[in-house]
Amino acid sequence: MTNDVKESFNRDSPPAPAALAAKVRTLAPSMTRSMQRVAEAVAGDPAGCAALTVTGLAELTGTSEATVVRTARLLGYPGYRDLRLALAGLAAHQQSGRAPAVTADIAVDDPIADVVTKLAYDEQQTLADTAAGLDTVQLGAAVAAAATARRIDVYGVGASSLVGQDLAQKLLRIGLIAHAHMDPHLAVTNAVQLRSGDVAIAITHSGSTGDVIEPLRVAFDRGATTIAITGRPDGPVSQYADHVLTTSTARESELRPAAMSSRTSQLLVVDCLFIGVAQRTYETAAPALSASYEALAHRHTPRSR
């Protein structure tokens, strides 16, 4: 998906107020420092920023009016006026609910009970942010392509490879031909065999993992439909993706690296993709699932009576 296409899509479909905070968290790491100051200001104090003119927000953040407008557009709004309306809606939404009782910061001396509470809160926030920011039009297009694919290849390394394996085994159990490739050499040599009617899915939190981008590029060049699941929709991987599914970019900490926080949002997107495909192929998917359960039934320990 080219930058022009993505900017056009954003202009046509500004995010709902509830999705604004999630989008700021997702895009902020890839913004310039001046744009980050604007984004952090609107996410941190939506009510206060909604009351400011474009000049006022520029002065508050030590930036320029042009930077404020560019930030609004990057977040998916045609102009600053539309962003202000979304900020007012977000402020009203926040005022109607309760403030969170915990933060996700985990200290090395935290009691294990506090660790459980903080991690549970962070997981919930990550899932909520991903759901709020997930483009259902892009998701629907990805589902349609996968449901009719001759073959589906999934690329991922590190923690993302675990998510890729999860997706591939789910698709296999509903009767589709799907393979997860963790070895970058095998991924490329398999991508060479793809053609129109096939689907290639790249999973990369950073959007810039070369070992994932290379096989996706090869699949793209071969005419396969390509899908990127990434926390950086403006990253290099999107250049070779027909459809981009954005995951939440959760905050890292010393004891909770990106590999952990990103996996939660990736698994949600993978499950949404899988369920959509299963719905589209239900007549064949349901019998295939039943057959796989039956084939494994004898491997489970019988329940005690």
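**Figure 1. The second largest cavity has a volume of about 30 Å³.** The model is a predicted one, in which local features need pLDDT of at least 70 and side-chain atom pairs count only at pLDDT 80 or more, while totals for chains, interfaces and linings use all residues. Residues are numbered from 1 along each chain as its sequence is written, and side-chain values use heavy atoms, with hydrogens and water left out. A cavity is a set of points, on a 1 Å grid over the protein atoms alone, where a 1.4 Å probe fits but cannot get out; lining residues have an atom within 4 Å of a point. Grid points are joined across faces, edges and corners, and the volume is the space filled by probe spheres set on the points. The structure holds two cavities of 30 Å³ or more. Lining the second largest cavity are Val154, Tyr155, Gly156, Ser161, Gly164, Gln165, Ala180, His181 and Met182. S1, H10 and S2 are the elements that give two or more residues to this lining, and H10 supplies the largest share, three residues.

**Figure 2. Five strands form an open sheet with parallel pairing.** Helices (H or I, at least four residues) and strands (E, at least two) are DSSP runs numbered from the N terminus; the chain has 14 helices and five strands. Two strands pair if DSSP finds at least two bridges between them. The order in the sheet is S2-S1-S3-S4-S5. Strand S2 (178-181) and strand S5 (243-246) are the edge strands, each pairing on one side only. On average, neighbouring strands are turned by 15° against each other, direction ignored. Axes are lines fitted to C-alpha atoms, for helices over the stretch in contact, and angles run from 0 to 180 degrees between N-to-C directions.

**Figure 3. Six bridges join the parallel strands S3 and S4.** Threonine 204 has threonine 230, in S4, as its bridge partner. Helix H12 (residues 210-221) lies across S1, S3 and S4 and runs at about 160° to S3. Contact means heavy atoms within 4.5 Å.

**Figure 4. The largest nonpolar core has 30 residues.** A nonpolar core is a set of buried Ala, Val, Leu, Ile, Met, Phe, Trp, Tyr and Cys residues joined through side-chain atoms within 4.5 Å. Buried means under 20% relative accessible area, exposed over 50%, and partly exposed in between (1.4 Å probe, protein chains only). Ile152, Leu171, Ile174, Ile201, Leu245 and Val277 have the most contacts inside this core. At least two core residues each come from helix H9 (136-147), strand S1 (152-155), helix H10 (159-173), strand S3 (199-204), strand S4 (225-230) and helix H13 (258-280). A second, separate core of 23 residues includes Ala50, Ala58, Val68 and Tyr77.

**Figure 5. Leucine 245 touches residues including Leu134, Ile227 and Val269.** Its other contacts include Asp135, Gln138, Leu139, Ala142, Ala228, Ile229 and Thr230, not counting residues up to four places away in sequence.

**Figure 6. Serine 265 lies in helix H13.** Serine 265 counts as buried because its relative accessibility is 0%. Leaving out residues up to four places away in sequence, serine 265 touches Thr126, Thr130, Thr247 and Ser248.

**Figure 7. Alanine 43 is placed in helix H3 (residues 33-44).** With 26% relative accessibility, alanine 43 counts as partly exposed. Alanine 43 and alanine 91 lie 48 residues apart in sequence and 9.6 Å apart in space, C-alpha to C-alpha.

How values were computed. 1 Å grid on protein atoms, 1.4 Å probe; cavity = no way out; pocket = protein on both sides within 12 Å on 5 of 7 lines; lining within 4 Å.
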